[in-house]
Amino acid sequence: MRDRPIAHELLEAAQEVLSDKLLPALPQELTYSALMVLNAMGIAARQAAAGDAPLEAARSRLSALYGDDASALPVLERRLAADIRAGRFDPGAADRAAVFSHLWATTRAKAAESSPKALRGRQE
């Protein structure tokens, strides 16, 4: 339904123009602001490219943990937070490894979108 370039491609093209042509021409006092805009565009481009896949993966992991296929991700995340605070997954708990795996996968997915350089050289 959409013609190319699509969202992430448009953002990447705009980033290139900002980085290569506009940023060098800006006065020094605007450089930091332009770099913040460039970073925000990068995050938006990566989120657009990833689509809903990271959210669906997180929902799938939590649905499996709780045996709940009906609840939305925010509901499952609130339940997980409450269970962690209540100590349900403290050392020795049966589902502790599954929760750790979910939290690690979620952290990696968030870093892949917000700061992919942080993941370079890191193992799964």
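Setting aside neighbours within four places in sequence, L73 is in contact (heavy atoms within 4.5 Å) with L55, A58, R59 and L62. This is a predicted model, where local features need pLDDT of at least 70, side-chain atom pairs count only at pLDDT 80 or more, and totals for chains, interfaces and linings use all residues. Residues are numbered from 1 along each chain as its sequence is written, and side-chain values use heavy atoms, without hydrogens and water.

**Annotated region**
- UniProt, in an unreviewed entry, lists residues 24–117 as "domain: DUF6285"; such annotations may be inferred rather than shown by experiment.
- Residues 24–117 are 70% helix and 0% strand (DSSP runs: H or I, at least four residues; E, at least two).
- The end C-alpha atoms of 24–117 are 23 Å apart.

**Nonpolar core**
- The largest nonpolar core has nine residues: A58, L62, L65, Y66, L73, L76, L80, F89 and V99.
- Core members are buried (under 20% relative accessible area, 1.4 Å probe, protein chains only) and joined through side-chain atoms within 4.5 Å.
- α3 (53–66) and α4 (73–85) each supply at least two core residues.
- The largest share, four residues, comes from α3.

**Largest pocket**
- The largest pocket holds about 170 Å³ of space.
- A pocket is an open set of points on a 1 Å grid, with protein on both sides within 12 Å along at least five of seven lines; lining residues have an atom within 4 Å of a point.
- Its lining includes L55, A58 and L73.
- α3, α4 and α5 (96–114) each give two or more lining residues.
- By class, the lining has five nonpolar, two polar and four charged residues, with Pro counted as nonpolar and Gly as polar.

Conventions:
Buried means under 20% relative accessible area, exposed over 50%, partly exposed in between (1.4 Å probe, protein chains only). On a 1 Å grid over the protein atoms alone, a cavity is a set of points where a 1.4 Å probe fits but cannot get out, and a pocket is an open set with protein on both sides within 12 Å along at least five of seven lines; lining residues have an atom within 4 Å of a point. Grid points are joined across faces, edges and corners, and a volume is the space filled by probe spheres set on the points.
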